[in-house]
Number of protein chains: 2
Amino acid sequence: MSISINSPADFHVHLRQGSISELITPHVRKGGFDVAYVMPNLKPPVTTTEQALQYKADLERIDPNVKYLMTLYLSPELTPDEIRKAKQAGIAGVKSYPRGVTTNSDGGIESYETYYPIFEAMQQVDMVLNLHGEVPSDAEAATLMSFPQNIHVLNAEPSFLPHLFKIHNAFPKLRIVLEHATTRAAVEAVKKCGPTVACSITAHHLALIVDDWAGQSWNFCKPVAKFPDDRQALRDVVKEGHPRFFLGSDSAPHPPAAKSTSTPTHACAAGVYTSPILLPLVAHLLESFGALDKLQNFVSGFGRAFYQEPIDQSKGARVIKLRRPSSKKIVDDKYVLGNESLIPFWAGKEIGWEIEEDD
Amino acid sequence: MSISINSPADFHVHLRQGSISELITPHVRKGGFDVAYVMPNLKPPVTTTEQALQYKADLERIDPNVKYLMTLYLSPELTPDEIRKAKQAGIAGVKSYPRGVTTNSDGGIESYETYYPIFEAMQQVDMVLNLHGEVPSDAEAATLMSFPQNIHVLNAEPSFLPHLFKIHNAFPKLRIVLEHATTRAAVEAVKKCGPTVACSITAHHLALIVDDWAGQSWNFCKPVAKFPDDRQALRDVVKEGHPRFFLGSDSAPHPPAAKSTSTPTHACAAGVYTSPILLPLVAHLLESFGALDKLQNFVSGFGRAFYQEPIDQSKGARVIKLRRPSSKKIVDDKYVLGNESLIPFWAGKEIGWEIEEDD
């Protein structure tokens, strides 16, 4: 048995910079993907068109065969003029991080109203707004929704959803992606919105629940994986084939030492690395809940339609063939380049699909 | 400023066996405590009076100055006759673990009805039943309560509470302690029960919430720390001075390597080690939420009353003096004996109280 998938596109990936970028950027294609929608949370963050184009050139030097869709980091430095300039230069979107919630997000936003002139310009030129949909934890704060608890890692996403509705209502033509949804509440919220609002879902959130990251830092990421009922909602919306829900891997590498070891005063890094096995992993997971027939649309069709990035055969788009491994296949436990090494999600576990290496 | 506390008693502690026991058993007194209510989850578990008395002798050899209250592990091997024998021998209680929920609990219980003859005998002879109040995680199972989600580490305790009510209703005179409560639901459930049902609270659950163990295995224990609102309920019931809520540290040492490092296929050990700093830590925490005036009853009076273990001045009961450190005091980051070493909770952090060493 084999499956052919037409030119997969990962609509949320971290490709970092420097030597780690040399290791991971080729993993986009290794994992079966032709398009990478690249996150801007570098040090310093990518806040100008110039930086984004330089970053794109860096990535193209490493692997010229991927189409990189670049983003800017929403911050006070951004202006409507810069948005228009970015659009002209082919920048695809602007990413918003809540302050301090995830890796390199210290410059993130605290409230959205101040960015309305930016959103207005983005709506005019048709750039996409990518939302990291969490509010920062605050044990003392009242939430925006009717939760009985204050704000913590498990209600940080539902507590964000009023922001999504508010921005969508204020800018109904602005294309918005709620990134890496993890809750039933988020799935329902996106469904309620109009056709300009979509939602990315990672591979690992289709696999994990809160129990999986309790004491297990390799499964720890932001947003954290939630409850079984939430995972079910993610699986259901994929199985339903809802066209506004598509893959964004949020593949986010960290050095093994930063992932594996916490000290009493230092926690492990948040992030799960899926790039090098992404398409086989997504196939494996979708098959586990009976949604393998939705693979083409989930990893390519729906995201491409929302982002207006049709498959361009003239630019080397691939048809990826997935096949059953001829013998039990275990995911590699390490990828190495020079002094850098990375351990992927699903390392040491069996996987039910592999890419036929004939391209 | 100083505080004198009359003979503190820790009504839930793990003293292990072998070389690690040599290191930690003296920490009971070092932490300011005269009484240790000792958990039976050894390898193999303590299931007979003979084993419990042997274990007690081992502990007394290490430190004869602590009063050890011994427990048996609830398992199919236990008989009503053994209960009567245990009572005669001074065994204080029987501990119930749900199967597979925490350290060395593979022999734990799956349903309680089969133990009703044991509970009947315990009620007759007035032995205490100690409940680890969690049901095992099960992403597919319906819960016993009205939770919208299935069973996971965050609703495992509320989902257990129907068992508590059921056992209490069937055996209203049986003294029961719901151990290491972590949720508002548990606090409210114990309050609703009659005077034979009490509740132990750990030091670390007065400090931690879910965010604190996300990616931080040193704060990972079972039951996991819950939401800010749950922590508030624990703090409130201590501050209220409710006589059926008292300290049981659940101090549970694990080798630093087992606490600090996870691999993709192996999670970190669950457990927080507080013994050597217990009384100063509890004072520090109670002071942080304005309950320092409840310290005596929380660490000694209430637990002793429920367990019928009054202070026995003839047996070397101490008055522990806590004082303000003369300079900034940081909790030691390591305790070593031979090849064994342990890193305590609160390591490297400032603590506002210390024991005056004059006993």
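Predicted model: local features only at pLDDT ≥ 70, side-chain atom pairs only at ≥ 80, totals over all residues.

User: Why is A:Arg175 called buried?

Analyst: Buried means a relative accessible area under 20%. A:Arg175 has 8%, and is therefore buried.

User: What makes A:Asp126 and A:Arg175 a salt bridge?

Analyst: The term requires a side-chain nitrogen of Lys or Arg within 4 Å of a carboxyl oxygen of Asp or Glu. In this pair the closest N and O atoms are 3.0 Å apart, and the two residues form a salt bridge. A:Asp126 lies in the loop between helix 4 and strand 7 of chain A, and A:Arg175 in the loop between helix 5 and strand 8 of chain A, so the pair ties together parts that are 49 residues apart in sequence. A:Asp126, at 25% relative accessibility, counts as partly exposed.

User: Why is B:Glu309 called buried, whereas B:Lys67 is called partly exposed?

Analyst: The limits are under 20% for buried and over 50% for exposed, with partly exposed in between. B:Glu309 stands at 15% and therefore counts as buried, while B:Lys67 has 42% and is therefore partly exposed. These two residues form a salt bridge, with closest N and O atoms 2.9 Å apart. B:Lys67 belongs to strand 4 of chain B and B:Glu309 to the loop between helix 11 and strand 11 of chain B, so the pair ties together parts that are 242 residues apart in sequence.

User: What makes A:Asp293 exposed?

Analyst: Exposed means over 50% relative accessible area. A:Asp293 has 59%, and is therefore exposed. Its salt-bridge partner is A:Lys294, which is partly exposed at 21%.

User: How do you know that strand 11 and strand 14 of chain A are paired?

Analyst: Pairing calls for at least two bridges between two strands. Two bridges join strand 11 to strand 14 of chain A, and the strands run antiparallel. Among the bridge partners are A:Arg323 and A:Glu354. The open sheet has three strands in the order 1-11-14. Strand 1 and strand 14 of chain A stand at its edges, each with a single partner strand, so one side of each is left without a neighbour in the sheet.

User: Why is helix 10 of chain B called mostly covered?

Analyst: Nine of its eleven residues are buried, including B:Leu278, B:Val282 and B:His284.

User: Which residues touch the most other members of the largest nonpolar core?

Analyst: In this core of 202 residues, they are A:Phe119, A:Leu164, B:Phe119 and B:Leu164. The contacts of A:Leu164 beyond four places in sequence include A:Leu131, A:Ile176 and A:Val197. In soluble globular proteins, nonpolar side chains tend to be buried together.

User: How do you know how chain A and chain B are related?

Analyst: A rotation of 180° with 0.0 Å of shift along its axis superposes chain A on chain B, with an RMSD of 0.0 Å. The two copies are thus related as by a two-fold rotation axis. In chain A, the C-alpha nearest that axis belongs to A:Thr261, 2.2 Å away. Moreover, 100% of the interface residues of chain A are also interface residues in chain B, so the copies meet through the same surface.

Notes
Residues numbered from 1 in each chain as written. Chains lettered and ligands numbered in written order. Heavy atoms only, no water. Least-squares fit on C-alpha atoms with pLDDT ≥ 70 in both. Contact = heavy atoms within 4.5 Å. Helix = DSSP H or I, 4+ residues; strand = E, 2+ residues; numbered from the N terminus. Core = buried A, V, L, I, M, F, W, Y, C linked by side-chain atoms within 4.5 Å. Buried < 20%, exposed > 50% of the residue type's maximum accessible area, 1.4 Å probe, protein only.
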